[in-house]
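Here's a quick tour for anyone meeting this structure for the first time. Take a look, then read on.

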Amino acid sequence: MSENKSKIGLSWSPNLAPLIAVKKPCLEKVQDPQSSVWKHDSELVDGLFVPPRDPKKLNKLLKNKVKDTSGGSWFDMPAPQVTPEAKKDLQILKLRSVIDPKRHYKKEGSKALPKYYQVGTIVEPVSEFFSGRLTKKERKSTLADELLSDGTFNAYRKRKVREIEEKHRPSGVEKWKIKGNQTRKRSKQRRHTS
């Protein structure tokens, strides 16, 4: 009866060299030495990985194993990989105060793109079917495409570009144009010389 019972718990046996020293090519493992799971034979003691005694090396090992998250207060949000599309969308969100002239946002602290973010889809309630909903034609894959297809944004952007160009375009010959305090100085000089 005792032979039929299975063992409960973990068991460990040392990884000993085989009695016959014949290498079988099908049993050899080809592992990547950069992998965190695979360790070189010199780092293993009786088939087990023993962490180094040097605290600097140990801290380095622990840092490599810690997942890159935003922390417990942000529900351990992982840091996603930044694709070119996501980078464009994040840059547009940074410049959102320029997009709409009627809206004002709090000034951003840093110029760098955020490390931790999540992208989601807004699902409109049934009550906003006619008012705040985008049609299928208006929906685009990225935020940049949506802005470029918006007619009111394009008109505002063109008007602003035109205003900036007119402001910086020199009117007439610049050397004949006298500005500011220099006019008073020159008029004084003209009065005293004549």
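This is a predicted model: local features need pLDDT of at least 70, side-chain atom pairs count only at pLDDT 80 or more; totals for chains, interfaces and linings use all residues.

Residues are numbered from 1 along each chain as its sequence is written, and side-chain values use heavy atoms, leaving out hydrogens and water.

**The largest pocket**
- The largest pocket has a volume of about 1400 Å³ (a pocket is an open set of points on a 1 Å grid over the protein atoms alone, where a 1.4 Å probe fits, with protein on both sides within 12 Å along at least five of seven lines; lining residues have an atom within 4 Å of a point).
- It is lined by 35 residues, and Leu93, Ile122, Leu134, Leu143 and Glu146 sit closest to its centre.
- H2 gives the largest share of the lining, five residues.
- By type, the lining splits into 16 nonpolar, nine polar and ten charged residues.

- Asn154 belongs to helix H5 and is buried, at 18% relative accessible area (buried is under 20%, exposed over 50%, partly exposed in between, with a 1.4 Å probe and protein chains only).

**The loop between H1 and H2**
- Phe75 lies in the loop between helix H1 (55-65) and H2, and is exposed at 75% relative accessibility.
- Asp76 is in the loop between H1 and H2 too, but counts as partly exposed at 45%.
- Phi is positive in both: near 60° for Phe75 and near 50° for Asp76.

Terms used
Grid points are joined across faces, edges and corners, and a volume is the space filled by probe spheres set on the points. Helices (H or I, at least four residues) and strands (E, at least two) are DSSP runs, numbered from the N terminus. Ala, Val, Leu, Ile, Met, Phe, Trp, Tyr, Cys and Pro count as nonpolar, Asp, Glu, Lys and Arg as charged, and the others, Gly among them, as polar.
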